[in-house]
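Hello,

I am passing on a structure for you to look through. Please open it first, and then read the notes below beside it.

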Amino acid sequence: MTEHEPIKSSPAFTTDEVSTGYGSHVVSRRLSLTIEHGTRTALVGPNGSGKSTTLKTLARLIEPLSGAVYLSGEDINRLPTRQVARQMAILPQVHEVPAELTVMELVEQGRFPHVGTLGMLRRRDDEAIQDAIGMTRLADFVHRPIDTLSGGERQRAWMALALSQQTDILLLDEPTTFLDVGHQLDLLELITGLNRDRGVTIVMVLHDLNHAARFSDRMIAMSGGDVVADGPPAEVLTPRLLRDCFGVEASVVTDPVTGSPMCIPHSPIFSDDEENAANE
């Protein structure tokens, strides 16, 4: 998919005893993960479990407190920014952009890691931009300022920015935020198509466990900064995990259409202290 071919003999990502956090606040300790090229991985867990922090660490948005992250076999924090951006694109959870910027101007930003010394967009850059706009169905919005768009339209514009980079690795932090259910499925099907047809490696944080099970090959469940389950969705999404990690009693059934596991929550589980407080 890209103009730059990564070193495919090495995993897309390896974390070596990585501890993450913000200042003196440690989120996770000694995390070691390997993510192979061409796979779809969903990070799941309750709020504050460390999944988004882990994704940001992979994306080099925050530096590990200790340990190292390797991108295609190289220490990501030692690589030039442009080299990283040619291999990996990120759709963050929070977006900041000048209000007057149009959709087209935003999507064009994704080509800057590839432009020549004069900073001029070339024909293949224009093709990549149009491809991204087409995949996200934004052709009617290209001249609209970002601040005039709905939340869902903005999310699609940011997705188009990430796609225009044409990288072999795509990191997504809660990509279905602000989208209604139809557009959620549309976006997740688009991500699946990128993986299936172009071999793009996908790592995404998802809140919806059924979406995570349906649209990933591997689920990594986190709680308290630790990995508590890691494997195929059918092995990870279990009543015990839902009870221990998410605090709910739930059934897990097989989706009759997709064959993926699907959870049906029944009731929350409260500790004795919480139960007593609720009854007072």
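Which backbone oxygen does the side chain of Thr 167 reach? The side chain of Thr 167 reaches the backbone oxygen of Ile 169 at 2.7 Å, and a polar atom of that side chain also lies 3.3 Å from the backbone nitrogen of Ala 89.

Please keep in mind that this is a predicted model, in which local features need pLDDT of at least 70 and side-chain atom pairs count only at pLDDT 80 or more, while totals for chains, interfaces and linings use all residues. Residues are numbered from 1 along each chain as its sequence is written, and side-chain values use heavy atoms, with hydrogens and water left out.

Thr 167 sits in the loop between α5 (151-164) and β7 (169-173), where helices (H or I, at least four residues) and strands (E, at least two) are DSSP runs numbered from the N terminus. Thr 167 counts as buried because its relative accessibility is 3%, buried meaning under 20% relative accessible area with a 1.4 Å probe and protein chains only.

Strand β9 (residues 218-223) is mostly covered, with five of its six residues buried. Two strands pair if DSSP finds at least two bridges between them; β9 pairs with strand β3 (residues 40-44) in the parallel sense over four bridges, and with strand β10 (residues 226-231) in the antiparallel sense over five bridges. Val 44 stands opposite Ala 221 in β9, whereas Met 222 stands opposite Val 227 in β10.

Best wishes

Terms used: Buried < 20%, exposed > 50% of the residue type's maximum accessible area, 1.4 Å probe, protein only. Polar contact = N/O pair within 3.5 Å; in protein donor to acceptor, adjacent residues only side chain to side chain.
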